[in-house]
Amino acid sequence: MSEKGGISWLGFLRGYVKSCGRMSTSMSLNMLLRAFAMALKKLGISSKLEFESDDADCKINGSLLPSHVLLLLWMCWAMLWNVRTSKFSERRGKLFLPDINHLVLSAVVSCAEVDSSWDVWDCDILGLDVQLPVGKFLAWALTTAPTLPDCFTQFVLGRLGSSVTAEDESGSSQSVLGDISSKASQPSLLTHGRAWAISLGSRNTISEEILKACFAGDIVGADENLLYRSSAHGKGLNRFWSNVEGYNGPLLILISAISEDAHQDSSKTKKWIIGALTHQGFENKETYYGSSGNLYAISPIFHLFSPSGKEKNFVYSHLHPMGRVYESHPKPVGIAFGGTIANERIFIDEDFARVIVRHHAVDKTYQHGSLIPNQGFLPVESSILEVEVWGLGGKTAKGVQDKYKKREELFTEQRRKVDLKTFANWEDSPEKMMMDMLDDPNRVQREDR
(Lines give C-alpha, C1' and ligand atoms only; values in the text may rest on other atoms or scores of the structure.)
Protein backbone atom coordinates (compact mmCIF):
# COMPACT_ATOMS: atom_id res chain seq x y z
CA MET A 1 0.00 0.00 0.00
CA SER A 2 1.30 3.43 -0.90
CA GLU A 3 1.36 6.42 1.35
CA LYS A 4 1.29 8.77 -1.67
CA GLY A 5 -0.84 9.18 -4.75
CA GLY A 6 0.43 6.58 -7.20
CA ILE A 7 2.31 3.29 -7.36
CA SER A 8 4.27 1.54 -10.05
CA TRP A 9 3.09 -1.59 -11.81
CA LEU A 10 5.69 -3.64 -9.94
CA GLY A 11 4.51 -2.17 -6.66
CA PHE A 12 0.92 -2.99 -7.56
CA LEU A 13 1.85 -6.63 -8.25
CA ARG A 14 3.68 -6.89 -4.95
CA GLY A 15 0.70 -5.47 -3.12
CA TYR A 16 -1.65 -7.82 -4.95
CA VAL A 17 0.41 -10.87 -4.00
CA LYS A 18 0.55 -9.75 -0.37
CA SER A 19 -3.20 -9.12 -0.26
CA CYS A 20 -4.61 -11.93 -2.42
CA GLY A 21 -1.81 -14.43 -2.91
CA ARG A 22 -1.93 -17.93 -1.51
CA MET A 23 -0.47 -17.85 1.98
CA SER A 24 -1.04 -19.28 5.43
CA THR A 25 -3.78 -17.94 7.69
CA SER A 26 -1.22 -16.43 10.07
CA MET A 27 0.41 -14.47 7.23
CA SER A 28 -3.03 -13.30 6.05
CA LEU A 29 -3.79 -12.07 9.56
CA ASN A 30 -0.50 -10.16 9.57
CA MET A 31 -1.47 -8.42 6.35
CA LEU A 32 -4.91 -7.61 7.74
CA LEU A 33 -3.38 -6.03 10.84
CA ARG A 34 -0.95 -4.06 8.68
CA ALA A 35 -3.85 -2.65 6.64
CA PHE A 36 -5.73 -1.89 9.85
CA ALA A 37 -2.74 -0.08 11.36
CA MET A 38 -2.44 2.09 8.25
CA ALA A 39 -6.16 2.87 8.40
CA LEU A 40 -5.82 3.94 12.05
CA LYS A 41 -2.86 6.15 11.16
CA LYS A 42 -4.77 7.91 8.38
CA LEU A 43 -7.67 8.47 10.76
CA GLY A 44 -5.34 9.97 13.35
CA ILE A 45 -5.92 7.18 15.88
CA SER A 46 -2.84 6.04 17.75
CA SER A 47 -2.06 2.35 18.11
CA LYS A 48 0.67 0.26 19.69
CA LEU A 49 1.16 -2.13 16.75
CA GLU A 50 4.78 -2.39 15.62
CA PHE A 51 5.95 -4.34 12.54
CA GLU A 52 9.59 -5.44 12.46
CA SER A 53 9.74 -5.46 8.63
CA ASP A 54 7.66 -5.20 5.47
CA ASP A 55 7.51 -8.98 5.00
CA ALA A 56 4.15 -10.72 5.25
CA ASP A 57 5.47 -13.13 7.89
CA CYS A 58 7.24 -10.52 9.99
CA LYS A 59 6.86 -10.43 13.74
CA ILE A 60 4.29 -8.02 15.15
CA ASN A 61 4.77 -6.46 18.57
CA GLY A 62 2.48 -4.37 20.71
CA SER A 63 -1.11 -4.68 21.85
CA LEU A 64 -4.69 -3.75 21.01
CA LEU A 65 -7.44 -2.10 22.98
CA PRO A 66 -10.96 -3.62 22.98
CA SER A 67 -12.09 -0.55 21.03
CA HIS A 68 -9.45 -1.31 18.39
CA VAL A 69 -10.70 -4.90 18.11
CA LEU A 70 -14.22 -3.57 17.60
CA LEU A 71 -13.02 -1.24 14.82
CA LEU A 72 -11.06 -4.08 13.18
CA LEU A 73 -14.08 -6.39 13.15
CA TRP A 74 -16.35 -3.64 11.85
CA MET A 75 -13.82 -2.90 9.10
CA CYS A 76 -13.88 -6.56 8.05
CA TRP A 77 -17.68 -6.58 8.13
CA ALA A 78 -17.84 -3.44 5.97
CA MET A 79 -15.48 -4.96 3.39
CA LEU A 80 -17.47 -8.18 3.25
CA TRP A 81 -20.73 -6.24 3.04
CA ASN A 82 -19.39 -4.27 0.08
CA VAL A 83 -18.49 -7.48 -1.76
CA ARG A 84 -21.72 -9.31 -0.96
CA THR A 85 -24.06 -6.46 -1.86
CA SER A 86 -22.18 -5.06 -4.88
CA LYS A 87 -24.51 -6.95 -7.25
CA PHE A 88 -27.64 -5.45 -5.71
CA SER A 89 -27.82 -1.75 -6.43
CA GLU A 90 -30.90 -1.30 -4.26
CA ARG A 91 -28.91 -2.15 -1.12
CA ARG A 92 -26.12 0.32 -1.71
CA GLY A 93 -25.89 3.03 0.89
CA LYS A 94 -27.57 0.80 3.48
CA LEU A 95 -24.56 -0.54 5.34
CA PHE A 96 -25.24 -1.10 9.03
CA LEU A 97 -22.91 -2.13 11.83
CA PRO A 98 -24.14 -5.25 13.61
CA ASP A 99 -23.82 -5.93 17.30
CA ILE A 100 -20.58 -7.92 17.67
CA ASN A 101 -19.88 -7.30 21.35
CA HIS A 102 -19.86 -11.06 21.92
CA LEU A 103 -16.87 -11.39 19.56
CA VAL A 104 -14.97 -8.55 21.20
CA LEU A 105 -15.61 -9.95 24.68
CA SER A 106 -14.39 -13.32 23.46
CA ALA A 107 -11.08 -11.74 22.47
CA VAL A 108 -10.85 -9.84 25.75
CA VAL A 109 -11.46 -12.92 27.90
CA SER A 110 -9.03 -15.03 25.85
CA CYS A 111 -6.21 -12.47 25.59
CA ALA A 112 -6.30 -10.23 28.66
CA GLU A 113 -6.37 -10.66 32.39
CA VAL A 114 -9.62 -9.27 33.75
CA ASP A 115 -10.85 -8.88 37.28
CA SER A 116 -12.89 -11.80 38.65
CA SER A 117 -15.66 -9.37 39.60
CA TRP A 118 -16.01 -8.19 36.00
CA ASP A 119 -19.62 -8.51 34.81
CA VAL A 120 -19.80 -9.57 31.16
CA TRP A 121 -23.55 -8.85 31.06
CA ASP A 122 -23.04 -5.19 31.97
CA CYS A 123 -19.89 -4.12 30.18
CA ASP A 124 -18.96 -1.04 28.15
CA ILE A 125 -16.49 -2.22 25.51
CA LEU A 126 -15.41 1.27 24.52
CA GLY A 127 -14.62 2.03 28.15
CA LEU A 128 -12.53 -1.09 28.80
CA ASP A 129 -8.95 -0.12 29.53
CA VAL A 130 -7.21 -3.46 29.09
CA GLN A 131 -4.40 -4.33 26.71
CA LEU A 132 -4.66 -7.36 24.43
CA PRO A 133 -1.16 -8.59 23.43
CA VAL A 134 -1.08 -8.94 19.67
CA GLY A 135 0.41 -12.44 19.89
CA LYS A 136 -2.50 -13.68 21.98
CA PHE A 137 -4.96 -11.89 19.71
CA LEU A 138 -3.56 -13.67 16.66
CA ALA A 139 -3.85 -17.00 18.49
CA TRP A 140 -7.48 -16.20 19.33
CA ALA A 141 -8.23 -15.27 15.72
CA LEU A 142 -6.67 -18.50 14.43
CA THR A 143 -8.93 -20.64 16.63
CA THR A 144 -12.15 -18.58 16.77
CA ALA A 145 -12.22 -16.63 13.50
CA PRO A 146 -9.75 -18.21 11.05
CA THR A 147 -11.61 -16.85 7.99
CA LEU A 148 -11.44 -13.22 9.15
CA PRO A 149 -8.62 -12.31 6.66
CA ASP A 150 -10.82 -13.55 3.80
CA CYS A 151 -12.89 -10.38 4.19
CA PHE A 152 -9.88 -8.28 3.14
CA THR A 153 -8.92 -10.64 0.30
CA GLN A 154 -12.46 -10.75 -1.12
CA PHE A 155 -12.74 -6.97 -0.85
CA VAL A 156 -9.55 -6.42 -2.87
CA LEU A 157 -10.62 -8.94 -5.50
CA GLY A 158 -14.09 -7.42 -5.65
CA ARG A 159 -12.80 -3.89 -6.12
CA LEU A 160 -10.41 -5.01 -8.83
CA GLY A 161 -13.19 -6.88 -10.59
CA SER A 162 -15.55 -3.91 -10.45
CA SER A 163 -12.90 -1.58 -11.86
CA VAL A 164 -12.76 -3.68 -15.04
CA THR A 165 -16.42 -3.09 -15.84
CA ALA A 166 -17.62 0.04 -17.56
CA GLU A 167 -19.87 0.85 -14.63
CA ASP A 168 -18.74 3.74 -12.49
CA GLU A 169 -18.13 2.39 -9.01
CA SER A 170 -17.38 5.73 -7.42
CA GLY A 171 -20.81 5.84 -5.82
CA SER A 172 -20.42 2.46 -4.15
CA SER A 173 -17.89 3.86 -1.71
CA GLN A 174 -20.65 6.03 -0.32
CA SER A 175 -22.17 2.91 1.22
CA VAL A 176 -19.41 2.95 3.82
CA LEU A 177 -19.79 6.65 4.55
CA GLY A 178 -23.49 7.05 4.01
CA ASP A 179 -26.29 5.50 5.99
CA ILE A 180 -24.31 3.78 8.74
CA SER A 181 -26.38 2.81 11.75
CA SER A 182 -26.45 0.13 14.37
CA LYS A 183 -29.06 -2.51 13.68
CA ALA A 184 -31.92 -2.54 16.14
CA SER A 185 -32.44 -5.60 18.29
CA GLN A 186 -34.09 -8.41 16.38
CA PRO A 187 -36.56 -10.95 17.76
CA SER A 188 -34.64 -13.78 16.12
CA LEU A 189 -31.82 -15.43 18.08
CA LEU A 190 -29.76 -15.57 14.88
CA THR A 191 -28.93 -11.91 14.46
CA HIS A 192 -26.56 -10.67 11.76
CA GLY A 193 -23.67 -10.35 14.20
CA ARG A 194 -24.16 -13.84 15.66
CA ALA A 195 -24.55 -15.42 12.23
CA TRP A 196 -21.34 -13.73 11.04
CA ALA A 197 -19.45 -14.91 14.12
CA ILE A 198 -20.51 -18.51 13.48
CA SER A 199 -19.54 -18.27 9.80
CA LEU A 200 -16.02 -17.10 10.68
CA GLY A 201 -15.20 -20.48 12.21
CA SER A 202 -14.80 -22.54 9.03
CA ARG A 203 -14.59 -22.54 5.23
CA ASN A 204 -17.31 -24.84 3.87
CA THR A 205 -20.76 -24.85 2.35
CA ILE A 206 -22.34 -24.52 5.78
CA SER A 207 -20.48 -21.26 6.38
CA GLU A 208 -21.63 -20.05 2.98
CA GLU A 209 -25.28 -20.75 3.84
CA ILE A 210 -24.92 -18.76 7.06
CA LEU A 211 -23.38 -15.87 5.15
CA LYS A 212 -26.35 -15.91 2.78
CA ALA A 213 -28.57 -15.39 5.82
CA CYS A 214 -26.33 -12.51 6.93
CA PHE A 215 -26.55 -10.59 3.67
CA ALA A 216 -29.94 -11.67 2.36
CA GLY A 217 -31.53 -8.63 3.96
CA ASP A 218 -33.52 -8.72 7.17
CA ILE A 219 -33.33 -11.99 9.11
CA VAL A 220 -36.48 -11.24 11.08
CA GLY A 221 -38.79 -14.24 10.83
CA ALA A 222 -39.16 -14.37 7.05
CA ASP A 223 -36.19 -16.55 6.17
CA GLU A 224 -37.21 -19.87 4.66
CA ASN A 225 -34.23 -21.54 6.33
CA LEU A 226 -35.90 -21.18 9.73
CA LEU A 227 -37.40 -24.62 10.39
CA TYR A 228 -38.52 -24.24 13.99
CA ARG A 229 -39.05 -21.49 16.56
CA SER A 230 -40.58 -22.45 19.88
CA SER A 231 -42.44 -19.15 20.32
CA ALA A 232 -44.10 -19.57 16.92
CA HIS A 233 -44.52 -23.34 16.52
CA GLY A 234 -45.01 -24.28 20.18
CA LYS A 235 -42.74 -25.72 22.82
CA GLY A 236 -42.06 -29.41 23.24
CA LEU A 237 -40.24 -32.26 21.57
CA ASN A 238 -43.27 -33.31 19.48
CA ARG A 239 -43.74 -29.83 18.00
CA PHE A 240 -40.02 -29.64 17.37
CA TRP A 241 -39.99 -33.03 15.67
CA SER A 242 -42.91 -32.25 13.37
CA ASN A 243 -40.95 -29.30 11.95
CA VAL A 244 -37.47 -30.82 11.57
CA GLU A 245 -38.39 -34.39 10.59
CA GLY A 246 -37.33 -35.26 7.07
CA TYR A 247 -34.64 -32.56 6.84
CA ASN A 248 -31.45 -34.40 5.89
CA GLY A 249 -28.91 -31.60 6.01
CA PRO A 250 -26.82 -29.49 8.40
CA LEU A 251 -28.78 -27.85 11.20
CA LEU A 252 -28.01 -24.96 13.54
CA ILE A 253 -29.77 -25.15 16.91
CA LEU A 254 -29.87 -22.05 19.13
CA ILE A 255 -31.01 -22.15 22.75
CA SER A 256 -31.75 -19.05 24.79
CA ALA A 257 -32.06 -19.55 28.55
CA ILE A 258 -32.10 -17.50 31.71
CA SER A 259 -30.36 -18.18 35.01
CA GLU A 260 -30.89 -16.73 38.45
CA ASP A 261 -27.94 -15.45 40.43
CA ALA A 262 -27.94 -17.68 43.48
CA HIS A 263 -25.52 -15.43 45.41
CA GLN A 264 -27.54 -12.24 44.99
CA ASP A 265 -31.12 -11.17 44.72
CA SER A 266 -33.28 -13.99 43.26
CA SER A 267 -34.98 -11.46 41.01
CA LYS A 268 -31.67 -10.76 39.22
CA THR A 269 -31.56 -12.95 36.14
CA LYS A 270 -28.98 -13.31 33.39
CA LYS A 271 -29.75 -14.36 29.83
CA TRP A 272 -27.37 -16.40 27.73
CA ILE A 273 -27.44 -18.17 24.36
CA ILE A 274 -25.67 -21.37 23.33
CA GLY A 275 -25.80 -23.30 20.06
CA ALA A 276 -24.95 -26.53 18.32
CA LEU A 277 -24.19 -27.26 14.68
CA THR A 278 -24.93 -30.73 13.32
CA HIS A 279 -23.86 -31.97 9.90
CA GLN A 280 -26.95 -34.13 9.46
CA GLY A 281 -30.64 -34.22 10.32
CA PHE A 282 -32.17 -35.49 13.56
CA GLU A 283 -32.98 -39.17 14.07
CA ASN A 284 -35.06 -40.89 16.74
CA LYS A 285 -32.48 -43.17 18.39
CA GLU A 286 -31.57 -44.51 21.80
CA THR A 287 -27.88 -43.86 21.24
CA TYR A 288 -25.66 -41.00 20.15
CA TYR A 289 -25.00 -40.52 16.46
CA GLY A 290 -23.48 -38.03 14.02
CA SER A 291 -20.30 -37.59 12.02
CA SER A 292 -19.24 -34.07 13.04
CA GLY A 293 -20.47 -30.85 14.59
CA ASN A 294 -19.63 -27.84 16.75
CA LEU A 295 -20.81 -26.32 20.00
CA TYR A 296 -21.03 -22.56 20.49
CA ALA A 297 -21.18 -20.17 23.38
CA ILE A 298 -22.88 -17.27 21.60
CA SER A 299 -23.99 -14.67 24.10
CA PRO A 300 -22.80 -12.78 26.07
CA ILE A 301 -19.38 -14.20 25.05
CA PHE A 302 -18.69 -16.07 21.83
CA HIS A 303 -16.62 -19.27 21.83
CA LEU A 304 -16.27 -22.09 19.31
CA PHE A 305 -15.86 -25.70 20.47
CA SER A 306 -14.91 -27.96 17.59
CA PRO A 307 -14.66 -31.77 17.74
CA SER A 308 -11.83 -33.15 19.87
CA GLY A 309 -11.53 -36.39 17.90
CA LYS A 310 -11.68 -38.62 20.99
CA GLU A 311 -15.36 -39.65 20.82
CA LYS A 312 -18.28 -39.27 18.41
CA ASN A 313 -21.20 -38.54 20.74
CA PHE A 314 -22.28 -35.55 18.68
CA VAL A 315 -26.09 -35.70 18.85
CA TYR A 316 -28.70 -37.56 20.86
CA SER A 317 -32.44 -37.27 20.16
CA HIS A 318 -35.00 -39.70 21.55
CA LEU A 319 -38.81 -39.59 21.61
CA HIS A 320 -41.27 -41.61 23.68
CA PRO A 321 -41.79 -45.15 22.29
CA MET A 322 -45.03 -45.41 20.33
CA GLY A 323 -46.19 -48.59 22.03
CA ARG A 324 -45.45 -47.45 25.59
CA VAL A 325 -43.60 -50.70 26.25
CA TYR A 326 -42.28 -51.23 29.78
CA GLU A 327 -38.56 -50.61 30.04
CA SER A 328 -36.53 -51.42 33.13
CA HIS A 329 -33.93 -48.82 32.22
CA PRO A 330 -35.65 -46.27 29.96
CA LYS A 331 -33.52 -43.91 27.91
CA PRO A 332 -33.89 -40.19 28.60
CA VAL A 333 -36.39 -38.43 26.35
CA GLY A 334 -35.02 -35.20 24.90
CA ILE A 335 -32.16 -33.76 22.87
CA ALA A 336 -28.50 -33.76 23.89
CA PHE A 337 -25.09 -32.79 22.55
CA GLY A 338 -21.81 -34.23 23.77
CA GLY A 339 -21.08 -36.24 26.90
CA THR A 340 -22.73 -39.58 27.54
CA ILE A 341 -26.26 -40.75 28.32
CA ALA A 342 -27.30 -39.37 31.73
CA ASN A 343 -24.19 -37.16 31.67
CA GLU A 344 -24.84 -35.03 28.61
CA ARG A 345 -22.92 -31.81 28.12
CA ILE A 346 -26.11 -30.11 26.89
CA PHE A 347 -29.51 -31.68 27.54
CA ILE A 348 -32.95 -30.28 26.62
CA ASP A 349 -35.95 -31.95 28.25
CA GLU A 350 -38.97 -33.15 26.29
CA ASP A 351 -41.10 -30.13 27.26
CA PHE A 352 -38.42 -27.64 26.18
CA ALA A 353 -38.81 -26.06 29.59
CA ARG A 354 -35.36 -26.73 31.08
CA VAL A 355 -31.84 -27.08 29.74
CA ILE A 356 -28.94 -28.63 31.65
CA VAL A 357 -25.36 -27.59 30.88
CA ARG A 358 -22.62 -29.71 32.42
CA HIS A 359 -18.91 -29.18 32.86
CA HIS A 360 -16.69 -30.13 29.93
CA ALA A 361 -15.08 -32.89 32.01
CA VAL A 362 -18.03 -35.18 31.14
CA ASP A 363 -17.51 -34.65 27.41
CA LYS A 364 -14.80 -36.12 25.19
CA THR A 365 -16.50 -35.29 21.88
CA TYR A 366 -16.12 -31.50 21.86
CA GLN A 367 -13.24 -29.34 23.00
CA HIS A 368 -13.06 -28.10 26.55
CA GLY A 369 -14.31 -24.71 27.68
CA SER A 370 -17.19 -22.95 29.41
CA LEU A 371 -20.44 -22.68 27.47
CA ILE A 372 -21.79 -20.02 29.81
CA PRO A 373 -19.94 -17.39 31.87
CA ASN A 374 -18.83 -18.34 35.37
CA GLN A 375 -19.70 -21.99 34.80
CA GLY A 376 -18.46 -24.17 37.64
CA PHE A 377 -18.11 -27.93 38.04
CA LEU A 378 -21.73 -28.49 39.02
CA PRO A 379 -24.47 -28.86 36.37
CA VAL A 380 -26.34 -25.65 35.56
CA GLU A 381 -30.10 -26.06 35.07
CA SER A 382 -31.90 -23.09 33.55
CA SER A 383 -35.28 -22.14 32.14
CA ILE A 384 -35.51 -22.08 28.36
CA LEU A 385 -36.76 -18.86 26.78
CA GLU A 386 -36.50 -19.74 23.09
CA VAL A 387 -35.29 -22.50 20.77
CA GLU A 388 -34.57 -22.02 17.08
CA VAL A 389 -33.50 -24.46 14.38
CA TRP A 390 -32.07 -23.23 11.09
CA GLY A 391 -31.59 -25.47 8.09
CA LEU A 392 -28.25 -25.00 6.34
CA GLY A 393 -28.61 -27.62 3.62
CA GLY A 394 -29.74 -25.22 0.93
CA LYS A 395 -32.73 -25.55 -1.37
CA THR A 396 -32.03 -29.22 -2.03
CA ALA A 397 -32.47 -30.32 1.59
CA LYS A 398 -35.55 -28.11 1.99
CA GLY A 399 -37.10 -29.55 -1.16
CA VAL A 400 -36.54 -33.10 0.06
CA GLN A 401 -38.20 -32.24 3.38
CA ASP A 402 -41.20 -30.66 1.64
CA LYS A 403 -41.69 -33.84 -0.40
CA TYR A 404 -41.39 -35.93 2.76
CA LYS A 405 -44.03 -33.86 4.54
CA LYS A 406 -46.43 -34.10 1.61
CA ARG A 407 -45.99 -37.86 1.50
CA GLU A 408 -46.64 -38.17 5.24
CA GLU A 409 -49.74 -35.99 4.96
CA LEU A 410 -51.03 -38.23 2.16
CA PHE A 411 -50.50 -41.37 4.24
CA THR A 412 -52.25 -39.75 7.19
CA GLU A 413 -55.27 -38.86 5.09
CA GLN A 414 -55.44 -42.38 3.68
CA ARG A 415 -55.41 -43.89 7.16
CA ARG A 416 -58.25 -41.62 8.23
CA LYS A 417 -60.53 -42.61 5.37
CA VAL A 418 -62.90 -45.59 5.78
CA ASP A 419 -64.06 -47.64 2.80
CA LEU A 420 -67.84 -47.80 3.41
CA LYS A 421 -68.30 -50.41 0.67
CA THR A 422 -66.68 -53.07 2.84
CA PHE A 423 -69.33 -52.52 5.52
CA ALA A 424 -72.38 -52.42 3.24
CA ASN A 425 -73.45 -55.97 4.15
CA TRP A 426 -74.85 -56.27 7.69
CA GLU A 427 -73.83 -59.92 7.99
CA ASP A 428 -70.18 -59.01 7.38
CA SER A 429 -70.04 -55.89 9.49
CA PRO A 430 -68.04 -55.79 12.74
CA GLU A 431 -71.11 -54.44 14.58
CA LYS A 432 -73.05 -57.65 13.74
CA MET A 433 -70.16 -59.76 15.00
CA MET A 434 -69.97 -57.87 18.29
CA MET A 435 -73.72 -58.15 18.90
CA ASP A 436 -73.62 -61.89 18.25
CA MET A 437 -70.82 -62.31 20.74
CA LEU A 438 -72.71 -60.39 23.41
CA ASP A 439 -75.86 -62.43 22.77
CA ASP A 440 -74.18 -65.84 23.20
CA PRO A 441 -70.41 -65.71 23.49
CA ASN A 442 -70.18 -69.54 23.77
CA ARG A 443 -72.10 -70.24 20.60
CA VAL A 444 -70.14 -72.14 18.01
CA GLN A 445 -70.35 -70.77 14.51
CA ARG A 446 -69.50 -72.83 11.50
CA GLU A 447 -67.46 -71.07 8.90
CA ASP A 448 -68.94 -71.09 5.43
CA ARG A 449 -66.60 -72.45 2.81
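This presentation describes a predicted model of a protein, from its overall make-up to some of its parts.

Good morning, colleagues. I shall begin with the confidence of the prediction. The mean pLDDT of the protein is 82, and 78% of the residues reach 70 or more. Two stretches call for caution. Over residues 166–186 the pLDDT stays under 50, although the model has 31 contacts there beyond four places in sequence. Residues 218–222 also have a pLDDT below 50, with 13 contacts in the model beyond near neighbours in sequence.

I turn to the overall make-up. The protein has 449 residues, of which 45% count as buried. Its secondary structure consists of 13 helices and 16 strands. If we take the contacts with a separation of 6 or more, 67% of them are between residues 24 or more positions apart.

Next, the helix α9. How much of α9 is buried? Eight of its 11 residues are buried, so α9 is largely enclosed by the rest of the structure. The buried residues are Ile206, Ser207, Glu209, Ile210, Leu211, Ala213, Cys214 and Phe215. What do these buried residues pack against? Their partners are α3, spanning 66–84, then α8, β9 at 269–278, and α12 at 394–416.

Of the elements, α9 gives the most, with three residues.

Let me now consider the aromatic residues. The model contains 12 aromatic pairs. One of them joins tyrosine 228 and phenylalanine 240, in an edge-to-face arrangement with 5.5 Å from centre to centre and 85° between the planes. Why does this pair tie separate parts together? Tyrosine 228 belongs to strand β7, residues 226–229, and phenylalanine 240 to helix α11, residues 237–244, so the pair links parts that are 12 residues apart in sequence. Both tyrosine 228 and phenylalanine 240 are buried. Elsewhere, one aromatic cluster is formed by Trp77, Trp81, Phe96 and Trp196.

Where is methionine 23 placed? It is found in the loop between α1, residues 9–20, and α2, residues 25–43. Methionine 23 has a relative accessible area of 24% and is therefore partly exposed, given that buried means under 20% and exposed means over 50%. Methionine 23 and aspartate 57 are separated by 34 residues in sequence, while their C-alpha atoms are 9.6 Å apart in space.

To close, I would recall two points. Helix α9 is largely enclosed, with eight of its 11 residues buried, and α9 also gives the most residues to the lining of the largest cavity. The stretches 166–186 and 218–222 have pLDDT values below 50. Thank you for your attention.

Conventions
Residues numbered from 1 in each chain as written. Predicted model: local features only at pLDDT ≥ 70, side-chain atom pairs only at ≥ 80, totals over all residues. Heavy atoms only, no water. pLDDT = per-residue confidence, 0-100. Contact = heavy atoms within 4.5 Å. Phe/Tyr/Trp six-rings, centres within 6.5 Å; stacked < 30°, edge-to-face > 60°. Helix = DSSP H or I, 4+ residues; strand = E, 2+ residues; numbered from the N terminus. Buried < 20%, exposed > 50% of the residue type's maximum accessible area, 1.4 Å probe, protein only.
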